[in-house]
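Try each task before reading its solution.

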Amino acid sequence: MDFIIRHKIIILILILAVGGFFWYSSSSATPKSLLTTETSGTGTVSANKDLVATLLTLRAVTLSGTILSDASFLRLKDFSTQVTLEDMGRTDPF
């Protein structure tokens, strides 16, 4: 009994260590994967159908140059400014 009283802190640490080891080994018996994969069978198919429908719609579009000769296009004004060329700065020393 005198031995237990003198070494109660060491015994308590050993009990906690053994208990912690058993708790850790029992909880890690079924490891969970950090990476998970989900499959959705209908999401990919509907996305492919939407893509095909969009491509078919774009294929039906025809471009002609008639808009360039339209009166409303000819009335448009260009408000851009000319960029003037300036001298280059110093040469790169590197």
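Predicted model: local features only at pLDDT ≥ 70, side-chain atom pairs only at ≥ 80, totals over all residues.

**Exercise 1. Confidence**

*Solution.* Then go element by element: helix H1 (residues 2–6) has the lowest mean pLDDT, 78, while H4 has the highest, 92.

**Exercise 2. Fold and surface**
Work out the order of the elements, then look at burial.

*Solution.* Count first: there are 4 helices and 0 strands. Read from the N terminus, the elements run α-α-α-α. Of the 94 residues, 0% count as buried. The accessible surface of the protein is about 10,200 Å², and carbon and sulfur atoms account for 66% of this area.

**Exercise 3. An aromatic pair**
Find the aromatic pair and classify its geometry.

*Solution.* The structure holds 1 aromatic pair. Its partners are Phe21 and Phe22, with 5.8 Å centre to centre and 65° between the planes. Planes over 60 degrees apart count as edge-to-face, so the pair of Phe21 and Phe22 is edge-to-face. Both Phe21 and Phe22 are exposed.

**Exercise 4. A nonpolar patch**
Which residues make the nonpolar surface patch of about 560 Å², and is Val61 exposed or partly exposed?

*Solution.* The patch is made by Leu51, Leu55, Leu58, Val61 and Leu63. Finally, Val61 counts as partly exposed because its relative accessibility is 48%.

Methods. Residues numbered from 1 in each chain as written. Heavy atoms only, no water. Patch = residues over 30% accessible without salt bridge, like charges linked within 9 Å, V, L, I, M, F, W, Y side chains within 5 Å. Areas by Shrake-Rupley, 256 points an atom, 1.4 Å probe, with all protein chains shown as cover. Salt bridge = Lys/Arg side-chain N within 4 Å of Asp/Glu carboxyl O. Buried < 20%, exposed > 50% of the residue type's maximum accessible area, 1.4 Å probe, protein only. Helix = DSSP H or I, 4+ residues; strand = E, 2+ residues; numbered from the N terminus. Phe/Tyr/Trp six-rings, centres within 6.5 Å; stacked < 30°, edge-to-face > 60°. pLDDT = per-residue confidence, 0-100.
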